[in-house]
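Visitor: I have a model open and would like to learn how to read it. Could you walk me through its features?

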Amino acid sequence: MAYQDFNMEHQWLPFTPNRSFKKDPRVFVAADGMHFTTHDGRQVIDGISSLWCVGAGHNRKPINEAIKRQLDTLDYATAFQASNDQAFKAAEMIAGMAPGDLNKVLFCNSGSEAADTSLKLALAYHRARGEGHRNVFIGREKGYHGVGFGGMSVGGIPANRKAFGAALLPRVDHLRFIHDPVNHAYINGVEPEWSEDLAAELENRILPLHDPSNVAAVIVEPVSGSAGWYLPPKGYLKRLREICDKHGILLIFDEVITGFGRMGSNFGADYYGVVPDMLNFAKCVTNGVIPLGGVICSDRIYDAMMNANASSPDHAVEFFHGYTYSGHPVACAAAIATLDLFKQDQLFERAGQMGKVLGDAMHSGLKGLPNVIGIRSLGLAGAVELSSVAGAPGKRAYDIFMDCFHHGVLVRPAADNIVICPPYIVEKEHIERIVNVLADSIRKNA
Ligand SMILES: Cc1ncc(COP(=O)(O)O)c(C=O)c1O
């Protein structure tokens with residue numbers, strides 16, 4: 001199939017330079033295991049789990065079969081004032097995997113919706129407890145929480161914010177970025193140890209500015225994924241937890257990327273040994289096959305919302321929020337099959353093991369190449385940071401991404417980083433191929 005066979009006049013592609021895409025399109029028509037087939041019949045390794053989604057690899061029969069069975073049994077049912085058996089089962093499994101008292105699951109359809117759901121729940125929770133004045137949110141520079149107005153406001157990637165001016169939420173502040181390019185440019189499988197307490201600015205600068213009693217929640221990704229796999233300093237997340245606890249502030253972990261195995265554990269929260277009050281998920285929960293997202297919240301939050309309504313009449317809704325497709329039965333059937341498959345094939349353990357292989361391969365194969373100024377790997381993901389082309393930030397990574405694609409490897413450009421985050425089924429040979437193609441490309445683009 002030639003790409004001229006597609007009419008490309010009508011689809012506006014997300015987060016993509018549409019004009020140049022049309023000149024050199026990348027169109028997938030099939031996928032299996034670690035590979036895509038392109039429209040012109042080439043095989044391309046999925047080096048990024050199709051944007052952190054396809055942990056179990058492509059075309060997994062147990063997931064496909066569960067979806068087909070569910071379609072023939074209960075295709076869809078309204079989510080308001082009713083539910084379905086798959087949603088209850090999926091919620092039970094997800095809560096069972098989550099740490100601490102994270103036991104209540106609110107479903108939605110994407111990471112962006114999860115971000116906005118968690119922020120709204122934070123406001124509603126504080127109000128239910130008589131602290132409705134707590135309405136300041138704290139995000140972090142370079143954080144990514146999707147593209148809804150709430151997630152965009154607490155997010156900290158400048159390009160995602162700059163066109164949206166006054167539409168950003170007003171009562172938001174940001175923690176500093178968590179990267180030290182001098183002392184921690186190269187990190188392989190360990191947590192960077194800083195001499196400075198990076199979380200102290202929350203306690204010493206940000207909270208006093210807003211007054212801690214006005215702050216609703218702090219929201220962070222355990223590892224900053226979309227920005228380019230930036231790792232938190234050792235002990236940083238624990239410090240955020242302590243500071244939030246001290247001031248009655250909720251801590252939200254956005255685990256859309258780190259959730260369900262990427263760190264070799266159920267969640268980033270488990271990896272770092274810190275339990276947030278809410279944990280946002282999406283992507284890998286269904287192996288990316290069908291949209292599903294959600295927020296796992298603590299019993300404490302749920303109970304407060306229920307208790308506040310204890311004397312309300314039976315028809316009173318406790319939380320005015322939800323989506324038509326919250327807990328969609330087909331998505332939940334996909335989640336159940338995916339989580340079973342992860343467990344049965346011990347894929348999270350495998351992600352942890354293959355993460356070491358990836359980290360070693362990236363550090364030995366890419367360090368010292370022209371323009372490489374850092375490499376960070378932890379869990380089954382790594383990023384190589386490149387110096388910018390003068391006056392054209394992001395260009396070098398984009399050119400390398402294109403070149404890798406032409407040589408059969410899909411990597412992810414993120415500003416001046418190239419990110420690799422393959423499915424958990426990845427073999428050593430795939431990693432070697434990905435790193436070799438990337439190394440050649442970095443040399444060519446010097
Ligand atoms: C941490 C995080 N939160 C939220 C999102 C947004 O998810 P979605 O694109 O499903 O809305 C992403 C997407 O990559 C993400 O990485």
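Guide: We will go through the domains, the sheets, a helix pair and the ligand shell in turn. This is a predicted model, in which local features need pLDDT of at least 70 and side-chain atom pairs count only at pLDDT 80 or more, while totals for chains, interfaces and linings use all residues. Residues are numbered from 1 along each chain as its sequence is written.

Visitor: Which domains does the chain have?

Guide: Domain bounds come from an automatic or database domain assignment. Here the assignment gives domain 1 (3-56 + 346-444) and domain 2 (64-344). Their centres, taken over C-alpha atoms, are separated by 26 Å.

Visitor: How many residues does the contact take from domain 1 and from domain 2?

Guide: It takes 34 residues from domain 1 and 29 residues from domain 2; two residues are in contact if their C-beta atoms, placed from the backbone, lie within 7 Å. On the domain 1 side, the elements that give two or more residues include helix H2 (49-52), helix H13 (347-366) and strand E12 (372-377). Such names are DSSP runs numbered from the N terminus: helices (H or I) have at least four residues and strands (E) at least two. H13 gives the most to this side of domain 1, with 9 residues. By class, the side has 18 nonpolar, 11 polar and 5 charged residues. In this scheme Ala, Val, Leu, Ile, Met, Phe, Trp, Tyr, Cys and Pro count as nonpolar, Asp, Glu, Lys and Arg as charged, and the others, Gly among them, as polar.

Visitor: What is the strand order in the sheet of 4 strands?

Guide: Two strands pair if DSSP finds at least two bridges between them. This open sheet has the order E1-E2-E3-E14, with mixed pairing. Strand E1 (28-32) and strand E14 (409-410) are at the edges with a single partner strand each, so one side of each has no neighbour in the sheet.

Visitor: How do E2 and E3 run?

Guide: Strand E2 (residues 35-38) and strand E3 (residues 43-46) run antiparallel, joined by 3 bridges. Phe-36 has Val-44 in E3 as its bridge partner. Their hairpin has 4 residues between the strands, and Gly-41 there takes a positive phi near 80 degrees. E3 and E14, in turn, run parallel and are joined by 2 bridges, with Val-409 in E14 as the bridge partner of Ile-45.

Visitor: And what is the order in the sheet of 7 strands?

Guide: The order is E4-E11-E10-E9-E8-E5-E6, in an open sheet with mixed pairing. Strand E4 (102-108) and strand E6 (172-175) are the edge strands, pairing on one side only. Inside the sheet, strand E5 (residues 136-140) and strand E8 (residues 215-220) pair in the parallel sense over 3 bridges. There, Phe-137 stands opposite Ala-217 in E8. H4 packs on this sheet, touching E4 and strand E11 (293-298).

Visitor: How do I describe two packed helices?

Guide: Two packed helices are described by the angle between their axes and the distance between the axes. Axes are lines fitted to C-alpha atoms, for helices over the stretch in contact, and angles run from 0 to 180 degrees between N-to-C directions. Helix H4 (residues 85-97) and helix H12 (residues 329-344) pack at about 35 degrees, with their axes 8 Å apart. Among the residues that meet are Ala-90 and Met-93 in H4, and Ile-336 and Leu-339 in H12. The contact has 9 nonpolar, 1 polar and 1 charged residues.

Visitor: Which residues are closest to the ligand?

Guide: A residue counts as near a molecule if its C-beta atom, placed from the backbone, lies within 6 Å of it. Of the 14 residues that surround the ligand, the closest are Ser-110, Gly-111, Ser-112, Gly-146 and Val-256. Helix H5 (residues 111-128) gives the most to this shell, with 3 residues. By class, the shell has 5 nonpolar, 7 polar and 2 charged residues.
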